[in-house]
Amino acid sequence: MKMLSAAIIASTVVLGACAPEPITRVETTVTTSPVDTEALGAATGLPADSVLGVTRTGNQYVVFYREEGVTAEQLADAPRRICANTASTVFTADPIDTSAPQFGTGVQRMTVTCS
């Protein structure tokens, strides 16, 4: 019996040594660069002074803009213009309720996914 137990313990030690180390940390790099507000305005179709920022992840764009100074027509046309910049069409466009305090007064967000 003692011989069998020693063999099991030895194989457990060997297998444990071969097991990959558990992942305890994930490294993420985010790169930002300043962009001219006029360029953001042209890319989104919204007034340049209203666009606060645009992010892109794959084919999804998130536009933060000031509600003041943006017309309903500009807002309705923005998804088409954003997707046209990448020669694609609008898959979805969702305005997000940004009444939460972290967004600030008058700041809105729109998520556009292009196909």
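Start by selecting valine 63. Leaving aside residues up to four places away in sequence, valine 63 touches Thr44, Leu46, Gly53, Val54, Ile82, Gln108, Arg109 and Met110, where contact means heavy atoms within 4.5 Å. Keep in mind that this is a predicted model, with local features needing pLDDT of at least 70 and side-chain atom pairs counting only at pLDDT 80 or more, while totals for chains, interfaces and linings use all residues. Numbering runs from 1 along each chain as its sequence is written, and side-chain values use heavy atoms, with hydrogens and water left out.

Now show the strands. Strand β1 (residues 51–57) and strand β2 (residues 60–66) run antiparallel, joined by 6 bridges; strands pair if DSSP finds at least two bridges between them. Helices (H or I, at least four residues) and strands (E, at least two) are DSSP runs, numbered from the N terminus. Valine 63 in β2 is the bridge partner of valine 54. Then go to the hairpin of β1 and β2: there are 2 residues between the strands, and glycine 58 takes a positive phi near 65°.

β2 and β4 run antiparallel, with 7 bridges joining them. Click on tyrosine 65 and you'll find glutamine 108 of β4 standing opposite.

Time for the core. A nonpolar core is a set of buried Ala, Val, Leu, Ile, Met, Phe, Trp, Tyr and Cys residues joined through side-chain atoms within 4.5 Å. The largest one here has 13 residues, and those with the most contacts inside it are Leu46, Val63, Tyr65, Ile82, Met110, Val112 and Cys114. At least two residues of this core come from each of β2, α3 and β4.

Select cysteine 83 and cysteine 114 next. They form a disulfide with sulfur atoms 2.0 Å apart (the cut-off is a pair of cysteine sulfur atoms within 2.5 Å). Cysteine 83 sits in helix α3 (residues 72–84) and cysteine 114 in strand β4 (residues 107–114), so the pair ties together parts 31 residues apart in sequence. The torsion about their S-S bond is about -90°, so the disulfide is left-handed.

Arginine 80 and aspartate 77 are 3 residues apart in helix α3, so about one helical turn separates them. Arginine 80 is partly exposed at 48% relative accessible area, and aspartate 77 is partly exposed at 26%.

How values were computed:
Buried < 20%, exposed > 50% of the residue type's maximum accessible area, 1.4 Å probe, protein only.
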